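Please look through the sequence and the structure below before reading on, and keep both at hand while following the report.

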Amino acid sequence: MFSVNVRGHIMVAHSFRGEVFGPAQQLHGATFVVDATFRRAELDADNIVVDIGLATEELAAVLGELNYRNLDEVPEFAGINTSTEFLAKVIADRLADKVHAGALGEGARGLAGITVTLHESHVAWASYERSL
Ligand SMILES: Nc1nc2c(c(=O)[nH]1)N=C([C@H](O)[C@H](O)COP(=O)(O)OP(=O)(O)OP(=O)(O)O)CN2
């Protein structure tokens, strides 16, 4: 299996509900380094997994929808803990929509899967992996 990874980052604010959380129940900020890894068994006609430039641009576009937002105020996340894991799925699903819409190029239609990893620090991260 081949893979290509591109990276971006976001800064958000959010708060969590639930006794499992301590200070994070209060509104707090988070900066995530975001890795998107695209996978396929065979390279495309250009001998690549996906164009790195397009993948970087489209990841940046997806992240731009979240960057600098207070996620507690985003209607689609109302009542939801926007955990690192949850945000990894949101980003992966939005990138998958872009792949299916052709935004990452025709060759990208042959991608097998994508994994999005959010690094919340140098010692903790979470991922969501899905097929395409
Ligand atoms: N599985 C996850 N666990 C936690 C997440 C997460 O997204 N996924 N997020 C947080 C906090 O937002 C953030 O990491 C701050 O950490 P921390 O202050 O350690 O979290 P708590 O408020 O829960 O404090 P504790 O002292 O650990 O009770 C936390 N966990």
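## A term to begin with

A polar contact is a pair of N or O atoms within 3.5 Å, and within protein one of the two must be able to donate a hydrogen while the other must be able to accept it. The term is applied here to a model that is predicted.

## A loop residue and its partners

S15 belongs to the loop that lies between β1 (2-14) and β2 (28-40). The side chain of S15 is joined to the side chain of D72 by a polar contact of 2.6 Å. When its neighbours within four places in sequence are left aside, S15 is in contact with A24, Q25, Q26, L27, H28, D72 and N81.

## The surroundings of the ligand

Around the ligand stand F16, V20, F21, G22, P23, A24, H28, S83, T84, E85 and E120, and this shell divides into 5 nonpolar, 4 polar and 2 charged residues.

A polar backbone atom of A24 is 2.6 Å from an oxygen atom of the ligand, whereas in E85 a polar side-chain atom lies 2.6 Å from a nitrogen atom of the ligand. For E120, a polar side-chain atom lies 2.7 Å from an oxygen atom of the ligand. On its own the ligand has 600 Å² of accessible area, of which the protein covers 53%.

## A pair of strands

Strand β3 (residues 113-119) and strand β4 (residues 125-131) run antiparallel and are joined by 7 bridges. The two strands, β3 and β4, form a hairpin with 5 residues between them, and T115 has E129 in β4 as its bridge partner.

Terms used:
Residues are numbered from 1 along each chain as its sequence is written. This is a predicted model: local features need pLDDT of at least 70, side-chain atom pairs count only at pLDDT 80 or more; totals for chains, interfaces and linings use all residues. Side-chain values use heavy atoms; hydrogens and water are left out. A residue is near a molecule or strand if one of its heavy atoms lies within 4 Å of it. Accessible areas come from the Shrake-Rupley method with a 1.4 Å probe; for residues, only the protein chains shown count as cover. Ala, Val, Leu, Ile, Met, Phe, Trp, Tyr, Cys and Pro count as nonpolar, Asp, Glu, Lys and Arg as charged, and the others, Gly among them, as polar. Helices (H or I, at least four residues) and strands (E, at least two) are DSSP runs, numbered from the N terminus. Contact means heavy atoms within 4.5 Å. Two strands pair if DSSP finds at least two bridges between them.
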